[in-house]
Amino acid sequence: MDNSTSYLAHQLSLLSDSVGGILPEVVLIAGFLLAIILEITVGKRSKLILPFAAIGTIVLFVATTLLLWPAEVPTHGNFLGMITPDRFAAYMKLLVGVGTVLALLAAQQSTKLRTEAKGMGEYYIVLLGMAVGMAFMTMAQNLVMVYLALEMVSLPAYALTAYARLRNKSAEAALKYVIYGCFASGVMLYGISWLYGFTGTLDPHSAAFGEGLVAAGVWPVTMMLVLVLGGFAFKIGALPFHFWMPDVMEGAPHPVASLLAVAPKVAGFAMLIRFFASIHHSIALLPTEDVQGLMQNLSWVLAILAMGSMLLGNLAALRQDNLRRMLAYSSIAQTGYILAGVLFFQSSGFAVVMFYLTIYLCMNMVAFLLAGWLEEEAGIKTIKELKGLSASLPMVAFITALAMVSLTGLPPTAGFIAKLRLFLAGLTEYQSTGQVVLVVLLIAVLLNTVLSLFTICGSRARWSLAIL
């Protein structure tokens, strides 16, 4: 009895000590509940109050994250190892917060959303709920928390995609999104259940997890890891779970499309990086001969996803004339570059990926918001219709062209610096490890960069030239 009481007191003490690590999320949840209360009690006047409440909540979330910046690295395992609110998570939360604020501001300017028959109240509530899920995605450590956080983002994302439900394209996009999402979720859950069976734990950072993986054998574990990676691939829009992106990016209201193109992807990469690093940590404690095959297989799986995403995204974007679909395929290609950066982590940590994600968020958010604005305000949906934009809207034309050049990776833009840093990190990683997979991936990155200059750049160049 005494032992049970002591154990319970100890666990409650650990939980109590963990609350300080999620104060930014507490702010988000409080804002989410406040928005619901306002929508119910204030009625029609809520349309004047809710935007300020929603934007204020996200700004307060960002400010709290900055004020409570973790002092120690790493701080593994708050809430009994479910989440890890370290500096990496804090940085990713800042990116998510910035993306969400921009989407909220864009919603305020969107004529289609503001004139939606059911009003904007539910939009702000659902978006705040999604922000809560994304914040937990950046910290999720335990695989149960990984899955729950993923679903906390997916469900609001489906609802936001179908927000303009009377538009056929929105309804179609939401339906496809739900179907693909359910499939990816089931695949991931199946993989997680097998990993639990292999290891007896759901904490990939633990030594028991690594020992269980090695004991189960290389190929069975590789197959189950591929299934788990399917859930991550869906959220970041990587091959072969990318099919939802072009339809959702075209059919969803443009503030929603701009948000879905960047913020959940940033949170998804945060979760993938933590998962990959945890597996590497847990099996690195074992004898080298036991883990070499497993790490090689995992590296090849990520490399194939990266190369496939780059190639498919670049080639498919070349055939697009619709602005939003072209940007969607471009996003798939960008996912491939970032996935390559995940494999280069030993030489420079994940700093290169974090830098690339920061630049990517800025470039893609601007490109999607401008594409949406052009569609709503000027009726421009295709590249051909951009002709003469520099004469009618010179500032919009300049910013759009700049975003396209940066997305392509041409100097001296930030996109060029991000790709250069990525390539140099890969080169350093290869020189220190000599892994064949890194050579193949580096060649793929180089070829796809050239391809983007001469092919997908064709789309973007057509965009830029059409503007002029």
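**Helix H16**

I began with helix H16 of this predicted model, which runs over residues 351-378, has 28 residues and reaches 40 Å from its first C-alpha to its last. That span is close to the 40 Å expected at 1.5 Å a residue, the expected value being 1.5 Å times one less than the number of residues. I took helices as DSSP runs of H or I with at least four residues, and strands as runs of E with at least two, both numbered from the N terminus. Of the 28 residues of H16, 20 are buried, so the helix is largely enclosed by the rest of the structure; here buried means under 20% relative accessible area, exposed over 50%, and partly exposed in between, with a 1.4 Å probe and protein chains only. I then looked at what follows H16 and found Gly379, whose phi is positive, near 70°.

**Ground rules**

I number residues from 1 along each chain as its sequence is written, and side-chain values use heavy atoms, with hydrogens and water left out. Because the model is predicted, local features need pLDDT of at least 70 and side-chain atom pairs count only at pLDDT 80 or more, while totals for chains, interfaces and linings use all residues.

**The chain as a whole**

I looked up the secondary structure and noted 20 helices and 0 strands. The radius of gyration is 22 Å, close to the 23 Å that the globule rule gives for 468 residues, so the chain is as compact as a globular protein of that length; the radius is taken over C-alpha atoms, and the rule is 2.2 Å times the number of residues to the power 0.38. Along the principal axes, the C-alpha atoms fill a box of roughly 75 × 60 × 40 Å. I also noted that 57% of the 468 residues count as buried, and that residues 24 or more positions apart account for 77% of the contacts with a separation of 6 or more, where contact means heavy atoms within 4.5 Å.

**Residues in helices**

I looked up Thr64 in helix H3 (residues 46-67), which counts as buried at 13% relative accessibility and, leaving aside neighbours within four places in sequence, is in contact with Leu23, Pro24 and Val27. Val98, in helix H4 (residues 87-109), is partly exposed with a relative accessible area of 41%, and its C-alpha lies 8.5 Å from that of Val59, 39 residues apart in sequence.

For Leu213, in helix H9 (residues 207-216), I found burial at 1% relative accessibility. Not counting residues up to four places away in sequence, Leu213 touches Leu195, Thr199, Val221, Ile279 and Leu294; Leu318, 105 residues apart from Leu213 in sequence, is 42 Å apart in space, C-alpha to C-alpha.

Ser299, in helix H13 (residues 288-318), is buried with a relative accessible area of 8%, and its contacts beyond four places in sequence are Leu343, Gln435 and Val437.

**A cis bond in a loop**

Lastly, I checked the peptide bond that joins Leu239 and Pro240, and noted that it is cis, with omega about 0°. Pro240 lies in the loop between helix H10 (218-236) and helix H11 (244-251).
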